[in-house]
Every structure is written in C-alpha cells, then in structure tokens.
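Here's a quick briefing to read with the structure open in your viewer.

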Amino acid sequence: MEERTIPESRYAVFVYPDFMGIVFTTVFKDLDKCLRLSGLKFNQDAGIRFFELFDEDYMQTGKFYLHVPVL
C-alpha cells in the first residue's frame with residue numbers, strides 16, 4: 001500500500017453493488033450518459049481518472065462508491 005492525496009476537485013459520485021470488474025460496462029455507460037446530460041466534463045487536471053471508495057460495511061452491503069473528478 002502507498003499513501004496518496006486525493007486531489008481537490010468536484011466529484012461526481014456513483015454507487016454500485018459488487019466490484020468494478022463485474023459492473024465495468026455499466027459504469028462507463030453511466031458515466032458517458034451522466035456527463036452528456038449534465039454538461040459536466042472530466043477534470044483532466046485532477047491527476048486521476050477516478051477512485052473507488054469502499055465503506056467499512058462493504059462486506060455486508062457489497063456497495064462501492066466511484067468518485068470521478070468533474071468540472
């Protein structure tokens with residue numbers, strides 16, 4: 001493991017069941033649709049494309065949160 005600082009940005013947050021490998025196609029369809037409809041754009045200057053956040057109850061809920069930097 002390594003420590004990283006999350007860049008300051010606005011983030012679009014999506015919640016999904018299971019893990020990214022299972023819902024990968026759905027995630028990217030949702031991202032595309034959300035950005036097109038909202039007028040938001042990826043924040044290329046954030047230095048990351050997205051990050052996944054797993055709460056302490058992940059083992060019970062199976063939910064993860066996908067944070068995408070946006071402008």
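What follows covers the nonpolar core, the aromatic pairs and one asparagine.

Keep in mind that this is a predicted model. Its largest nonpolar core has 12 residues, and a search of the whole structure turns up seven aromatic pairs. There's also a buried asparagine, Asn43, sitting in the loop between α1 and β2.

**Nonpolar core**

- The 12 members of the largest core are Ala12, Phe14, Tyr16, Met20, Val23, Val27, Leu31, Leu35, Phe64, Leu66, Val68 and Val70.
- Leu35 is one of the core residues. Setting aside neighbours within four places in sequence, Leu35 is in contact with Leu40, Lys41, Phe42 and Val70.
- Val70, one of those contacts of Leu35, is a core member too.

**Aromatic pairs**

- Of the seven aromatic pairs found across the structure, take Tyr11 and Phe51: the ring centres are 5.6 Å apart and the planes sit at 75°, so this one is edge-to-face.
- That pair ties together distant parts of the chain, with Tyr11 in strand β1 and Phe51 in strand β2 (residues 51–53), 40 residues apart.
- The two partners fall on opposite sides of the 20% cut-off for buried: Tyr11 has 22% relative accessibility, so it counts as partly exposed, while Phe51 is buried because its relative accessible area is 18%.
- Phe54 and Tyr58 make another edge-to-face pair, at 4.9 Å centre to centre with 85° between the planes.
- Phe54 is partly exposed, with a relative accessibility of 39%.
- Ring pairs also join Phe54 and Tyr58 with Phe14, Tyr16 and Phe64 in a cluster.
- Phe14, Tyr16 and Phe64 from that cluster also belong to the largest nonpolar core.

**Asn43 in its loop**

- Asn43 sits in the loop between α1 and β2, and with a relative accessible area of 10% it is buried.
- A polar atom of the Asn43 side chain lies 3.1 Å from the backbone nitrogen of Asp45.
- Not counting residues up to four places away in sequence, Asn43 touches Ser9, Ile48, Pro69, Val70 and Leu71.
- Val70 turns up again here: it is touched by Asn43, and it is in contact with Leu35.

Conventions
Residues numbered from 1 in each chain as written. Predicted model: local features only at pLDDT ≥ 70, side-chain atom pairs only at ≥ 80, totals over all residues. Heavy atoms only, no water. Core = buried A, V, L, I, M, F, W, Y, C linked by side-chain atoms within 4.5 Å. Buried < 20%, exposed > 50% of the residue type's maximum accessible area, 1.4 Å probe, protein only. Contact = heavy atoms within 4.5 Å. Phe/Tyr/Trp six-rings, centres within 6.5 Å; stacked < 30°, edge-to-face > 60°. Helix = DSSP H or I, 4+ residues; strand = E, 2+ residues; numbered from the N terminus. Polar contact = N/O pair within 3.5 Å; in protein donor to acceptor, adjacent residues only side chain to side chain.
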